[in-house]
Amino acid sequence: MMKKKLQLQIYSFYRFTKIANKEKLKSQIESFVKNRCQILRGTILVANEGINVSISGKSSDLKILLSYIKKLLRIRKCNLKINDIDLLPFNRFKVRLKKEIVSLGYEVPITKAQSGKFICPSEWDQFILNNNVLLIDARNNYEIPIGKFKNSINPETKTFREFPSQFKKLKINKEKKIAMYCTGGIRCEKASMYLNSIGYKNIFQLDGGILNYLKNNIKNKESIWKGECFVFDNRVSVDKSLKEGSYLQCFGCRRPLSSDDTKSKRYKKGICCDNCYNERTEQQIFRSVSRQKQIKIANSNKNTHTFSDIKSSDFI
């Protein structure tokens, strides 16, 4: 009998919508996945203000889970991004309860939420090249160096929670036309809601974020995006074709690393790098060293473990 190759994909989407009982929703999703989905890895964040999903697995499992989540939330549409992959880029499946689905320190009042105006990828280049538009990168410091849109402003945030205070330092006139972008759109939408709440009205955002832009510009050789895009999974980054990029990752601080960065004497695989060598505590380093030893032993014995790869070339 011929064995069947797995068709693996990533589904990512978010939705700001009022969730009355997030504990119940978490339990329902976990039970559904346990009973209906064979291979699934990734994270689903649930808060009173909505849901944020980034999961990978068999395309058939992802379809039925998406349908189930939409039914639970009573929504018909979501800005879904789908990416074909050869390797599941997450280590486990988990549903987590959060105060916010993306942490800004500002819980969205759903009934009054007003995000910025969305600019579709096909119109984005022309829009941001307008001299009257101020372009802001809503991502964090460690994401921006590996890829960005030219002439974008970096608010210098270590985490997204710093965005309000760092944005304030830019001293931008509230009448100014502002365009923002981020990886998948969620941070821009949350930031837009916040800026609207403090008086900014001319806020625009890249619909679906960088990932949606790259998807719609794969054949566009004149795309003004430069470099790769950092993603929050084991791929680390993706290139303009949405294929796995050239960067590695430090599992001590999660920052992207080039091949040259791994040549540093301070780089220890799975433990630390130049960026976090002096940041991590002895206890954190001990846990990382222990984890790496367990992974090495499991791999040498060809045993499966939490960090085992599941590839599209595997058979079912």
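This text describes a sheet with its packed helices, and then the surroundings of one serine, in a predicted model.

The account begins with the sheet. Strands of a sheet pair through backbone hydrogen bonds, in either a parallel or an antiparallel sense. In this model, 5 strands form an open sheet in the order 4-1-3-2-5, and their pairing is mixed. Strand 4 (81-85) and strand 5 (93-97) are the edge strands, each of them pairing on one side only. From one strand to the next, the twist averages 10°.

Within this sheet, strand 2 (residues 40-47) pairs with strand 3 (residues 50-58) in the antiparallel sense, over 8 bridges. Val46 stands opposite Ile51, a residue of strand 3. Two helices pack on the sheet. Helix 1 (residues 22-36) touches strand 2, strand 3 and strand 5, and its direction makes about 170° with that of strand 5. Helix 2 (residues 59-73) touches strand 1 (8-16), strand 2 and strand 3; the direction of helix 2 makes about 160° with that of strand 3.

Attention now turns to Ser237, which lies in strand 13 (residues 237-238). Ser237 has a relative accessible area of 0%; because buried means under 20%, this residue is classed as buried. The side chain of Ser237 is joined to that of Glu228 by a polar contact of 2.6 Å. With its neighbours within four places in sequence left aside, Ser237 is in contact with Ile146, with Glu228, Cys229, Phe230 and Val231, and with Lys243, Glu244, Gly245, Ser246 and Tyr247.

Notes: Residues numbered from 1 in each chain as written. Predicted model: local features only at pLDDT ≥ 70, side-chain atom pairs only at ≥ 80, totals over all residues. Heavy atoms only, no water. Helix = DSSP H or I, 4+ residues; strand = E, 2+ residues; numbered from the N terminus. Buried < 20%, exposed > 50% of the residue type's maximum accessible area, 1.4 Å probe, protein only. Polar contact = N/O pair within 3.5 Å; in protein donor to acceptor, adjacent residues only side chain to side chain. Contact = heavy atoms within 4.5 Å. Pairing = 2+ DSSP bridges. Axes fitted to C-alpha atoms, helices over the stretch in contact; angles between N-to-C directions.
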